[in-house]
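Me: I have a structure open and would like to learn how to read it. Can we go through it feature by feature?

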Amino acid sequence: MVLFCFLVDQKRIVKRTKPVAGSCSRCRRGASVADIVTKTRFCFIMPFYWRCNKTILCTFCGTTLKTYP
Ligand SMILES: [Zn+2]
């Protein structure tokens, strides 16, 4: 018997933020540089898939301004 599971669980965790020069294009407030960890889990069976990006985002409205690979 083969079980197919399409359940994908993804979480975005902001690890730390630091104020950075520049402002948000949407709300004109200060932007922050953040380390974002994207944690993906398939089916509770497959190992976790981690991806860590450095992202510049606005901590006020949550807009992502720039993402570094
Ligand atoms: Zn903003």
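Me: Leaving aside its neighbours within four places in sequence, which residues is threonine 17 in contact with?

Reply: Contact here means heavy atoms within 4.5 Å. By that rule, and with neighbours within four places in sequence left aside, threonine 17 touches Ser32, Val33, Ala34 and Thr59. Threonine 17 itself sits in strand E1.

Me: What should I know about the model and its numbering?

Reply: This is a predicted model, in which local features need pLDDT of at least 70 and side-chain atom pairs count only at pLDDT 80 or more, while totals for chains, interfaces and linings use all residues. Residues are numbered from 1 along each chain as its sequence is written, and side-chain values use heavy atoms, with hydrogens and water left out.

Me: How many helices and strands does the protein have?

Reply: Helices (H or I, at least four residues) and strands (E, at least two) are DSSP runs, numbered from the N terminus. In this protein there are 0 helices and 4 strands. Read from the N terminus, the order of elements is β-β-β-β.

Me: What share of the residues counts as buried?

Reply: Buried means under 20% relative accessible area, exposed over 50%, and partly exposed in between (1.4 Å probe, protein chains only). Of the 69 residues, 25% are buried. Threonine 17 counts as partly exposed because its relative accessibility is 41%. Threonine 40, in strand E2 (residues 30-42), counts as buried because its value is 5%.

Me: Which side chain does the side chain of threonine 40 make a polar contact with?

Reply: A polar contact is a pair of N or O atoms within 3.5 Å; within protein, one must be able to donate a hydrogen and the other to accept it, and residues adjacent in sequence count only if both atoms are side-chain atoms. For threonine 40, the partner is the side chain of glutamine 10, at 3.1 Å.

Me: Which atoms are the protein donors of the zinc ion?

Reply: Donors are N, O and S atoms within 2.8 Å of the metal (3.2 Å for Na, K and Ca); water is not among the atoms, so sites may look incomplete. Here the protein donors are the SG atoms of Cys24, Cys27, Cys58 and Cys61, lying 2.3 Å from the zinc ion. Along the chain, the donors follow the spacing C-x2-C-x30-C-x2-C. Cysteine 24, in the loop between strand E1 (8-23) and E2, and cysteine 58, in strand E3 (residues 49-58), link distant parts of the chain, 34 residues apart. Cysteine 24 is buried, at 0% relative accessibility, and cysteine 58 is buried too, at 1%.

Me: Why is the arrangement around the zinc ion tetrahedral?

Reply: Four donors count as tetrahedral if all angles lie between 85 and 135 degrees. The 4 donor atoms subtend angles of 103 to 120°, so the arrangement is tetrahedral.

Me: How many salt bridges does the structure hold?

Reply: A salt bridge is a side-chain nitrogen of Lys or Arg within 4 Å of a carboxyl oxygen of Asp or Glu. The structure has 2 of them. One joins the side chains of aspartate 35 and arginine 16 (2.9 Å, N to O). Aspartate 35 is in strand E2 and arginine 16 in strand E1, so the bridge ties together parts that are 19 residues apart in sequence. Lysine 54 also bridges to aspartate 35, with the closest N and O atoms 3.2 Å apart. That pair links lysine 54 in strand E3 with aspartate 35 in strand E2, 19 residues apart.

Me: Which residues is lysine 15 in contact with, leaving aside its neighbours within four places in sequence?

Reply: Lysine 15 is in contact with Asp35 and Val37, once those neighbours are set aside. Lysine 15 and aspartate 35 are 20 residues apart in sequence and 5.4 Å apart in space, C-alpha to C-alpha. Lysine 15 lies in strand E1 and is exposed, with a relative accessible area of 59%.

How values were computed. Tetrahedral: all angles 85-135°; square planar, octahedral: opposite > 155°, others 65-115°.
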